[in-house]
Amino acid sequence: MALGRPVVCFVDDDTAARHAPPELLAELPIVRASRDDLADVLRRLLTERRGEYPELARRSRAFAERWHDPSAIGERMRAEYEAAQAERRS
């Protein structure tokens, strides 16, 4: 993603909903596939959906910059730890 490349991946929606913020999931620029339809998804991506590459590339890079920025991750983790500590003290 950071290289601005389309990403094809399996995403379990139930697991993702339990472990990822809704905003992250709303922005997730992944082309979804399962092992059963991977070949078809790749074939369509390389042919019929080829025109989507520039937008997928832009969204992939933007996603990586927003959600994988070390400073932002550190800040979110600090807030999580502080919240856990505050809850523990209560």
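Analyst: One aromatic pair is found in the structure, where a pair means rings of Phe, Tyr and Trp (its six-membered ring) with centres within 6.5 Å, called stacked if the planes are under 30 degrees apart, edge-to-face if over 60 and tilted for the rest. Its members are Phe-63 and Trp-67, which are tilted, with 6.4 Å from centre to centre and 40 degrees between the planes. This is a predicted model, in which local features need pLDDT of at least 70 and side-chain atom pairs count only at pLDDT 80 or more, while totals for chains, interfaces and linings use all residues. Residues are numbered from 1 along each chain as its sequence is written, and side-chain values use heavy atoms, with hydrogens and water left out.

Phe-63 and Trp-67 are four residues apart in helix H4, so about one helical turn separates them; helices (H or I, at least four residues) and strands (E, at least two) are DSSP runs numbered from the N terminus. Both Phe-63 and Trp-67 are buried, a term for under 20% relative accessible area, with exposed meaning over 50% and partly exposed in between (1.4 Å probe, protein chains only). Trp-67 counts as buried because its relative accessible area is 7%. Leaving aside residues up to four places away in sequence, Trp-67 touches Pro-21, Glu-23, Leu-24, Glu-27, Ile-73 and Arg-76, contact being heavy atoms within 4.5 Å.

Another ring, that of Tyr-53, has the charged end of Arg-50 sitting over it, 4.2 Å from the ring centre. For such a placement, NZ of Lys or CZ of Arg must be within 6 Å of the ring centre and within 35 degrees of the ring normal.

Turning to charged pairs, side chains of opposite charge can pair when their charged atoms come close. The whole structure has eight salt bridges, each defined as a side-chain nitrogen of Lys or Arg within 4 Å of a carboxyl oxygen of Asp or Glu. One of them joins Arg-61 to Glu-65, at 2.8 Å from N to O, and these two residues lie four apart in helix H4 (residues 53-67), about one turn of the helix. Arg-61 is partly exposed because its relative accessibility is 38%, and Glu-65, at 45%, is partly exposed as well.

In helix H5 (residues 70-89), Glu-75 and Arg-78 are three residues apart, about one turn, and their side chains meet in a salt bridge of 2.2 Å, N to O. Arg-78 also bridges to Glu-82, with 2.6 Å between the closest N and O atoms, and since Arg-78 and Glu-82 are four residues apart in helix H5, about one helical turn lies between them. Glu-75 is partly exposed at 42% relative accessible area, Arg-78 at 38% and Glu-82 at 45%.

On the nonpolar side, Leu-38, Leu-42 and Leu-46 form a surface patch with about 250 Å² of accessible area together. Patches consist of residues with over 30% relative accessible area and no salt bridge, like charges being joined within 9 Å and nonpolar side chains (Val, Leu, Ile, Met, Phe, Trp, Tyr) within 5 Å. The areas come from the Shrake-Rupley method with a 1.4 Å probe, and for residues only the protein chains shown count as cover. Leu-38 lies in helix H3 (residues 38-46) and is partly exposed, because its relative accessibility is 36%.
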